[in-house]
Amino acid sequence: MKRRSQLAVLIAALLPASVLASTIEGVILNNKGKVVTNATVEVEGSDLKVTTDENGKFVITELKNGLKELHVVAPGYAHLHRDITITNDGNQSVTFNLKRSPIEVIDIEATPIHMSAMESASPVSVLSGEQLRRQQAATLGDSLEKLPGVNTNFHGKVASTPIIRGLSGPRVLITQNGLDVSDVSRVGPDHSVASEASTAQQIEVLRGPATLFYGSGAIGGVVNVVDNRVPTDSTTRGEWNLEHNSVDNQKVASFNATTGTDSVAFYADAFWREADDYEVPVAADIDSDGEEHSGDYKVENSNEESDGFTVGASYLMDNGFIGLAVEQFNRQYGIPGHTHGDEEEKHSDEEESVFADLEQTKVQLLGEYNLDNKWLNKVNLRAGHTDYEHAEIESGAVGTTFKNETNELRIDLLHNQFSEWNGGISFHYKQSDVEAQGEEAFTPPSETESFAVALMEERHFGDFLVQLGGRIERVTIEAGNVLLPNIDAHAHDEAQETDEHDHDHEESAETTRVFDVEHEFTPVSLSAGVVWDFTSNYNLGLSVSRSERAPSASELLSFGPHIGTGTYEVGALFDLDEDGHLGLSDQAIDLETANNIDLTLRKTQGDVGFILNAFYNQVDNYYYQIDTGLYAQSGHDHGDEEELADEHDHSSELPVYLFKTDDVVLHGFEAQIAWQLTDEFKLDVFSDYVRARLKDGGDLPRTPPLRFGSELSYQTDKLSAHIHVTRYQKQDRTAPQETATDGYTLIDASISYDLSVLNQDMSVYLRGTNLTDTEARVHSSFVKDIAPRPGRSFALGIRGYF
Amino acid sequence: MKKLYKLKLIALAISTTFITACGDAETKIVEKDPIVVEDEHDHDDDDHDHDDGYTIDSLGRLAVLAGNSNEASFYDLDDNALLETFTLTNDSNTLSSSPDFRYAVIASRAQDYLGFIDGGLWREDHGEHLHDYEQSPAASSYELTSGSRPTHLITHDGQLAVFYDGDADSGTVASVEVLTDNDITSATATLPGISYDINMHGVAEPRGEHLLSTIRRDDSESTSVAKVLPDQVGVYHFHDGEYELEQTLEVTCPDLHGAAQNHDYVVFGCGDGILIAHQQGDVYSAQKVVNIDAVGDQRIGSIYGHEDSETFIGVASGHGGGEAVIVTINPVTAQMEELEWQLADGASAVSYSFSAHGEHFLILDSLGFLNVFSAHDHDGEMHWELEGQVDITEQDVSTMPEGMSFSMTVAQNGQFAYVADPIAQHVVQVHLEDLEIESEVELTFAPSAITWLGIAQEEEDDHDH
């Protein structure tokens with residue numbers, strides 16, 4: 001009601017009409033009555049956007065009659081929405097008061113409707129600006145792990161990918177500017193994500209099902225890395241950074257720059273990073289019996305080297321832009337724990353190290369056009385082509401090569417406000433060719449194609465914001481040569497029999513069956529959300545969704561040793577028969593369905609702000625791997641047959657894990673409280689928790705433990721300092737065959753000082769991580785027993801802006 | 001030992017369709033021919049036979065080009081049975097093997113076309129073991145069509161150099177592309193090579209990171225009589241993804257045609273003799289051996305070499321196809337010498353080849369005799385002497401179909417050569433030590449060309465003769 005009365009006052013303050021086109025003039029003040037400069041005022045559903053001058057003033061001209069929704073954004077303040085009705089041609093003058101928000105509110109870029117941490121029905125977080133620079137790491141998982149609800153799968157620092165609310169792999173989609181990043185990181189935890197944080201502008205995380213915007217692969221959430229590779233304006237600006245990190249002798253250099261003329265904009269970025277094996281406070285292997293050790297402990301084969309560059313250009317029009325960017329991304333990293341069979345000093349003392357050599361070329365075409373049309377007001381176009389390849393190299397020879405070639409096209413048509421509804425329809429096409437060749441090619445070559453239509457709408461009803469959406473998708477997976485070898489999987493408890501089983505195949509024929517497999521899925525997703533401003537400064541969000549996911553090719557068709565996880569993987573297309581032989585499954589292959597409820601309570605402005613989320617997600621037909629208790633030859637090392645009579649060596653064998661489906665329940669919370677103590681001091685406290693269990697009892701593996709932490713920040717014009725403490729609790733809710741992991745506390749601190757040299761803004765910073773040099777093993781990591789987190793480290797760096 | 005072969009079953013197809021309600025999911029599975037692995041234990045291993053369970057013992061496969069149709073047929077040499085027949089894109093083709101003998105290379109000079117058919121038998125080096133694969137022959141979608149007039153295809157140590165002559169009439173230039181079996185497997189889009197700015201009838205010899213390729217100079221400078229033939233040789237060095245001309249041999253070779261190489265030398269046939277290039281590290285020194293009297297006014301236009309053979313065999317013939325003179329060339333002593341042996345009256349040579357490991361030289365003649373030579377050391381000099389002859393046909397050779405001839409190929413995994421007989425419409429397997437025909441592959445057509453495919457046997461270290 002208060003809002004309405006304010007509006008009435010504003011309308012009463014109408015100035016006499018002086019020009020023909022309608023104009024809104026205004027001033028933006030903070031709660032102390034001081035002007036707010038550099039605030040952005042946007043007219044929703046249009047491309048009109050202005051910023052306030054040094055007096056806090058703004059002018060929007062050439063408006064048409066009707067109801068206009070204004071959206072005011074300024075750093076450090078809560079976003080403000082105001083409806084203004086324009087009648088007749090004329091001028092209106094307005095005054096807006098912004099309230100402080102200690103939780104930074106940044107809009108998500110990659111959704112057609114407005115979303116931010118404070119304003120949307122479903123939970124999102126954004127990492128950008130200084131905070132992104134402070135937390136960026138070599139891998140996406142490690143960069144994002146301080147966000148509530150996000151954990152890292154910490155694969156020895158080299159290939160970590162994010163876990164969102166306990167889900168990862170094929171359930172978390174990773175995108176670059178809204179288009180699939182198209183690597184093979186969704187298939188194996190030791191496969192790195194082909195995206196770079198140091199040149200990114202912001203990274204957005206959508207927690208919980210986000211299939212509506214992104215399709216099947218986003219049932220657990222989305223991580224969208226945003227950069228300015230296709231520039232939307234030509235203001236000359238840029239950023240560069242040099243850093244050295246002590247724990248792994250890591251050296252990083254990066255820059256990005258944008259410039260251009262009135263009609264053409266250019267962008268370029270590049271980065272380079274090199275790191276040695278990192279040091280750890282204790283022996284890396286949890287089973288090492290504390291022998292005398294000279295020198296520092298290290299995680300062997302955890303070094304990394306990467307570089308990349310992007311160039312982009314766009315044509316700027318009055319009504320939009322269109323541009324093209326090309327990226328080349330290269331990365332070479334050791335894979336800790338990727339050791340083979342019985343290397344146990346039998347052959348040589350030299351550790352056989354395996355490393356991955358990754359290369360990707362990415363072309364993106366992005367465009368936006370504002371139409372002066374009766375129905376449509378904007379068209380968004382995103383198209384991408386990526387060519388990805390990574391080779392796993394052992395003793396100098398290529399063991400396995402993974403390839404992914406993806407083409408993607410997305411067109412969003414946003415309509416004019418239609419009885420106060422804003423929104424649009426989205427068409428999305430994606431086609432990817434994935435293949436693996438070599439001894440670790442556990443998945444046969446396959447082609448996945450999807451086409452989707454989605455509708456998203458939102459509308460304000462008084463104090464309520466309603467967001468609705470639906471999506472229908474058609475996914476086909478085609479694989480012409482799915483192999484079912486006769487692998488002679490056997491149990492290990494029958495020790496006597498193992499001696500015999502290798503001697504009875506004289507002249508016996510082993511058959512590899514071959515199948516041509518085609519899958520066709522039609523997943524449907526629906527979601528409804530409401531945000532209620534039930535009293536001033538607070539809102540309550542509720543989001544309900546039902547999302548369906550087509551299982552991925554690797555979940556269905558795999559059959560072979562996966563050294564990255566140390567398992568022999570068998571897809572859901574296959575099953576064990578009564579005799580314990582693997583054959584075709586007679587179970588129907590079905591969609592995975594998530595029914596999710598999210599409840600969010602927020603305090604959006606004032607000196608204290610908070611966001612409290614609780615979620616309950618029931619996933620039916622959840623695809624996951626179970627341990628069959630059987631073992632199969634890794635195909636990697638074949639001991640001499642003659643030696644079989646001796647102690648049978650199981651080390652060249654891998655446990656057989658079979659993809660099955662079950663109903664699963666995930667529930668938990670995220671809490672985030674920020675308190676602006678004084679103008680300089682701010683305290684942030686956060687906690688998150690997820691419980692992931694089978695409906696019929698039992699826990700899912702590698703679920704992150706309860707976590708809480710706090711950050712104290714001190715910020716003046718020149719100086720900023722942060723102390724960050726995070727406590728990870730012990731995780732003892734484990735899956736069968738999984739061990740519990742002890743809790744630990746990590747303390748990080750950073751200080752940075754801004755200075756101006758040669759008319760350039762620079763900041764020098766020192767950052768310390770794991771200051772207590774504690775042993776920290778990450779429960780959600782596949783290699784937790786051999787690769788703890790890095791020990792104490794100091795990073796010194798300098799950053800410049802122009 | 002493990003032995004893989006594919007059963008020729010009548011295609012067994014199972015089709016399963018699962019349909020569920022709401023949010024449709026449909027799965028269609030068709031079972032194809034299985035791959036059968038036969039497992040046999042072999043405990044009396046020879047010393048050199050390190051069976052680790054990954055290698056396949058097979059005689060290999062034979063690709064056969066039909067003389068009367070544009071078809072290529074693939075035979076399994078373990079049971080001499082037909083595996084697969086492919087219809088080729090073009091009518092006029094030549095057949096050869098890829099450098100590691102996995103693929104059949106189909107070249108059509110007139111159509112500027114090079115295609116590949118996977119023989120289905122190959123080996124991968126997995127670091128700690130060698131891994132062999134056996135699959136059905138399959139046409140590869142990989143094609144090379146960008147060069148003009150692919151003419152001389154030379155393989156050496158895992159590399160294939162394709163020399164495209166170009167065409168003066170259409171103004172297209174000569175070029176070279178170098179590829180490996182892996183390039184064919186992974187369909188490498190851009191191959192390294194050389195691009196000339198003129199056409200020529202040239203030749204390129206790939207040698208690891210080096211590539212010795214011919215150079216045609218401006219007609220005013222060229223010493224060649226037929227200007228389309230080059231008269232110089234360049235040493236190209238591969239780095240940073242491209243070949244760069246690092247050296248041009250100072251000795252010219254007018255009317256260059258034909259080339260071969262062994263471990264240390266590359267030799268080229270010239271109008272006035274033989275050009276010998278000797279590799280010393282990254283540099284080659286050049287030397288000319290002039291034609292001996294026996295060559296007369298003919299010229300050496302074809303040369304055969306083998307990595308492990310000290311001497312080369314050169315064939316001199318006049319342009320009109322007069323009687324060929326066969327010479328041996330010793331690059332170390334820079335000597336040329338006429339082979340003592342001569343073809344029988346009325347016979348002409350139709351095919352020449354070294355055996356797999358270079359210890360024999362084979363000359364197949366038009367009367368259906370396979371002449372097998374061995375090198376013998378006399379006072380430190382190598383001489384090629386006839387070991388024996390194998391009469392490979394019982395047919396009346398005068399009934400040879402018009403335009404056809406006997407043809408041969410050498411297996412790279414043993415002591416066998418295969419000789420195709422268009423009259424009898426079969427291919428015989430000849431044991432080169434025993435000089436006997438051991439088996440035959442029955443065909444249903446007259447073969448115009450054959451090539452062996454499969455897994456080449458690694459060289460044994462000691463060569464005491």
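**View 1. Strand 5 (residues 66–73) of chain A is joined to strand 6 of chain A by seven bridges, and the two run antiparallel.** In this predicted model, local features need pLDDT of at least 70 and side-chain atom pairs count only at pLDDT 80 or more, whereas totals for chains, interfaces and linings use all residues. Residues are numbered from 1 along each chain as its sequence is written, with chains lettered from A and ligands numbered from 1 in the order in which they are written. Strands here are DSSP runs (E, at least two residues) numbered from the N terminus, and two of them pair if DSSP finds at least two bridges between them. Opposite A:Leu70 stands A:Arg82, which lies in strand 6 of chain A.

**View 2. An open sheet of four strands in chain B has the order 7-8-9-12 and antiparallel pairing.** Strand 7 (94–97) and strand 12 (138–144) of chain B are the edge strands, each of which pairs on one side only. From one strand to the next, the twist averages 25°. Strand 9 (residues 113–118) of chain B and strand 12 of chain B run antiparallel and are joined by four bridges, and B:Gly115 has B:Glu143 in strand 12 as its bridge partner.

**View 3. A:Val656 is among the residues with the most contacts inside the largest nonpolar core, as are A:Val205 and A:Val223.** This core has 115 residues. Leaving aside neighbours within four places in sequence, the contacts of A:Val656 (C-beta atoms, placed from the backbone, within 7 Å) include A:Ala489, A:Tyr568 and A:Leu630.

**View 4. Confidence in chain B is lowest in strand 2 (residues 15–19), at a mean of 34, and highest in strand 21 (residues 259–261), at 95.** The mean pLDDT of chain B, on the predictor's scale of confidence in each residue from 0 to 100, is 84, and 88% of its residues reach 70 or more. Over residues 38–51 of chain B the pLDDT is below 50, and this stretch has 18 contacts in the model beyond near neighbours in sequence. Where pLDDT is low, the predicted coordinates should not be read in detail.

Note on methods: Contact = placed C-beta atoms within 7 Å. Core = buried A, V, L, I, M, F, W, Y, C linked by C-beta atoms within 7 Å. Buried ≥ 20, exposed ≤ 12 C-beta atoms within 10 Å, placed from the backbone. Axes fitted to C-alpha atoms, helices over the stretch in contact; angles between N-to-C directions.
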